[in-house]
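I opened a notebook for this structure.

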Amino acid sequence: MLQGNGLSDVYTGGARGQAGKLFIQNDSGIFKSQQNELFGTDLNSEETDCAFFDATGNGVDDLYVVSGGNSHSSGSSALLDRFFINDGQSNFRKSNQPLPTTRGFEPGSVVRPHDFTGDGNMDLFVGIRLRPFAVGMPVNGYLLAGDGEGNFRDVTEEWAPELINSGMITDALWADITGNNSEELIIVGEWMPIKVFTKENNRFVEITSELGLENTTGWWNAIAAGDINGNGRLDLIGANHGRNSMFRAEKDYPVKMWVGDFAHNGMVEQILTTQKDGEYYPVALRHDLIEDLPHLREQFPDYSSYAGKSVQQIFTDEELSNSNELQARVLESAVIWNTENGMKVEPLPFRAQTAPMFGIHLEDLTGNGTPEIVMGGNLYNVKPQSGPYDAGRSVVISYENGQLQTISPEKSGLDIPGEIRGIKKVHGAGDSKYLMFSRYDDTLKIFSLPE
């Protein structure tokens, strides 16, 4: 809400070489593009997330835009986030502060505003997605304290040092899942468990294990919170890889990836594997592996010599012990029930497992008093032996009679092709409300919500 008129406005992030766009909604419910010349000054950046919030206390929202991607080096200023300050009339100026921190340039993934300091000024969590050219190595989350004038200070070491090297963060939220009347910070990512940090005095302490979530390592893409079963406690809903692929994960037999300098050239390589009978085998075909690791050509001169070789047969014990071993024990998109005895993971119904899910929204569409789960996903740009993952066309799930049930597309009205990356609720003129679906390299899809 950029004008204080109760109407939602929309910002759509731009890819590298493409400007993001701001759309202001007028009293008739029409969105008009505004000030795109300002948002086009950083065309080299890849915009991965954004947030509207009032950072200056003038009653209207400002705009924070996260920069990410894996096409820039750690020395590129294109990885700097951008913060646009609203003067109250939807006129913006860009802050000159290096964001999110002065530690260096890092590819970000998510920003979530919340006044965690309790001083009345909006603060931020900003998550980092990956280390450039070293995917698989852990990166940071940051807590930024706002001063009420549009400036932010990195207080991570003071408030939550465990966020440093916490993983490959894809999403985050603030929610009170412990019932202590203070919102916890919940972060998810690839090869990470669902991590929860609770506030104790003036710092955040990780309570992942205390909640029974330490074995939820997965390829999580998004997280949401809501009281799905109506018991008064907030549950978590996680968007994950799904079941419709060559990868299978269990608690005792996780999917694994080894990350390290296997070529002995100072660069980082990733050895993604699948398992069979407790043995782990590289997903990469021989020619792909040898392209990255030419020294293996002599050891495996043809495909027959490579076939059926486990990771332990290809690499030495020293090479594996010197690498970073990552595990994923849960690949299903799931609801994590908030029970009296801790958090319990339950996979979502079949339609939510047909493709990797990326977007989640909770909304009471049926009028039964509890929210339905709306999800969307798909992922096209993958190796031929793995995908593409294109079987998902959005899904709506309701909690009825003590169990999760899928609502058919014919009944829900949602049957959306493409690669869905986000789902947002938009307030329009009058009492109108909409669900807006963003899709990778495609148009927005907008649907009316029942009044």
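Which residue takes a positive phi in the hairpin of strand 30 and strand 31? I looked it up: D441 does, with a phi near 55°. This hairpin has 5 residues between its strands. I note here that the model is predicted.

**Entry: strands 30 and 31**

I checked how the two strands run. Strand 30 pairs with strand 31, residues 445-448, in the antiparallel sense. I found 4 bridges for this pair. I then looked for the partner of Y434, and found S448 in strand 31.

**Entry: strands 29 and 30**

I stepped back along the chain. Strand 29 covers residues 420-427, and strand 30 covers residues 433-439. The two are antiparallel, with 7 bridges. Facing I423, I found F437 of strand 30. This pair also makes a hairpin, with 5 residues between the strands. In its turn, G430 has a positive phi of about 65°. So much for the hairpins; I went on to the sheets.

**Entry: sheet 4-5-6-7**

I read off an open sheet of 4 strands, in the order 4-5-6-7. Its pairing is antiparallel. Why is one side of strand 4 and of strand 7 left without a neighbour in the sheet? Strand 4 (46-53) and strand 7 (92-94) stand at the edges and each have a single partner strand, so one side of each stays without a neighbour there. From one strand to the next, I read an average twist of 20°.

Across from L63 I found F84 in strand 6.

**Entry: sheet 8-9-10-11**

I then turned to another open sheet, with 4 strands in the order 8-9-10-11. The pairing is antiparallel here. Which strands are at the edge? They are strand 8 (108-113) and strand 11 (152-154), and each pairs on one side only. The twist averages 25° from one strand to the next.

I looked at strand 9, residues 124-128, and strand 10, residues 141-146. They run antiparallel and are joined by 4 bridges. The bridge partner of G127 is G141, in strand 10.

**Entry: a pocket**

How many residues line it? I found 13, and those nearest the centre are L365, K411, S412, G413 and P450. Helix 7 (409-412) and strand 31 each give at least two residues to this lining. By class, I noted 8 nonpolar, 4 polar and 1 charged residues in the lining of this pocket.

**Entry: a cavity**

I count 1 cavity of 30 Å³ or more. The largest cavity holds about 30 Å³ of space. Its lining consists of R351, S394, V395, V396, I407, P409, S412 and L414. Strand 27 (395-400) and helix 7 each supply two or more of these residues. I sorted the lining of the cavity by class: 5 residues are nonpolar, 2 are polar and 1 is charged. I see that S412 is listed for the cavity, and S412 also lies among the residues nearest the centre of the second largest pocket.

Key
Residues numbered from 1 in each chain as written. Predicted model: local features only at pLDDT ≥ 70, side-chain atom pairs only at ≥ 80, totals over all residues. Heavy atoms only, no water. Pairing = 2+ DSSP bridges. Axes fitted to C-alpha atoms, helices over the stretch in contact; angles between N-to-C directions. 1 Å grid on protein atoms, 1.4 Å probe; cavity = no way out; pocket = protein on both sides within 12 Å on 5 of 7 lines; lining within 4 Å. Nonpolar A, V, L, I, M, F, W, Y, C, P; charged D, E, K, R; others polar. Points joined across faces, edges and corners; volume = space filled by probe spheres on them.
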